[in-house]
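Hello,

Here is the structure I promised to pass on. Please open it first, then read my notes below.

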Amino acid sequence: DVGLTDFARGQKMGFTSEGKAALKKSLVMRSRQIGFLPGVETSTLGTMTRRTQDIAMALFKIADKVNVSSAFLSGYAKGRRLGLPVEWAIKLGDEVATDTQFLYTRMANSIFEQTTTGKFLTPFTSWPRNFTELMGKWIEGRGYTTIQEYEKLTGKTIVKESHNALLKRKQLL
């Protein structure tokens, strides 16, 4: 979503104190601690011991943390490169992570996806819908909502690349 340059900057930033501090302020990262995988039936988890659950999900949780932190830090790095203040760069990081990663909250699921049948037919929550929405955003060339809000509130214009439909279509290809 942000391109290879900002992705690489984000990966590097994960080893800095600034990047670690930003990760602690990420809403998407905090949502992972609050409710991990609510789409999994609680009755199934109830039959397993807590220790077995932790062992079974350990590698998945590690991979998820790496993916989400990578997405967040990529967006954060892009925000900082564009000159956004830290709090707005954090919002941009959360926007990128929200657009590109699974969200494990009830608000991220449709009513159908919360039913027993919906959980069975849509494993890993809302991935197909999220993917379709992201592709639509790229095809239409929509810019980042965070940058648009920042520009509206401050009257400052951020680099035009944030709204460049051609750039987004190039990334899509």
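I began with a helix contact. D6, F7, R9, G10, Q11 and M13 in α1 meet S70, L73, S74, Y76, A77, K78 and R81 in α5. By class, the residues of this α1 and α5 contact are five nonpolar, four polar and four charged. Keep in mind that the model is predicted.

Now the geometry. Helix α1 covers residues 4-13 and helix α5 covers residues 50-81. Their axes come within 7 Å and cross at roughly 110 degrees. Angles of 65 to 115 degrees count as roughly perpendicular, and α1 and α5 are therefore roughly perpendicular to each other.

Next, α2. This helix spans residues 17-25 and packs against α5 at about 115 degrees, with the axes 10 Å apart. That makes α2 roughly perpendicular to α5 as well. The crossing of α2 past α5 is right-handed. On the α2 side, the contact uses E18, G19, A22 and L23. On the α5 side, S69, F72, L73, Y76 and R80 take part. The residues of the α2 and α5 contact split into five nonpolar, two polar and two charged.

Finally, the whole chain. The protein has ten helices and zero strands. It has 173 residues, and 37% of them count as buried. Among contacts with a separation of 6 or more, 65% join residues 24 or more positions apart. The accessible surface is about 10600 Å², and carbon and sulfur atoms hold 63% of that surface.

Best regards

Conventions:
Residues numbered from 1 in each chain as written. Predicted model: local features only at pLDDT ≥ 70, side-chain atom pairs only at ≥ 80, totals over all residues. Heavy atoms only, no water. Axes fitted to C-alpha atoms, helices over the stretch in contact; angles between N-to-C directions. Helix = DSSP H or I, 4+ residues; strand = E, 2+ residues; numbered from the N terminus. Parallel < 35°, antiparallel > 145°, perpendicular 65-115°, else oblique. Contact = heavy atoms within 4.5 Å. Nonpolar A, V, L, I, M, F, W, Y, C, P; charged D, E, K, R; others polar. Left-handed = near helix turned anticlockwise from the far one by under 90°. Buried < 20%, exposed > 50% of the residue type's maximum accessible area, 1.4 Å probe, protein only. Areas by Shrake-Rupley, 256 points an atom, 1.4 Å probe, with all protein chains shown as cover.
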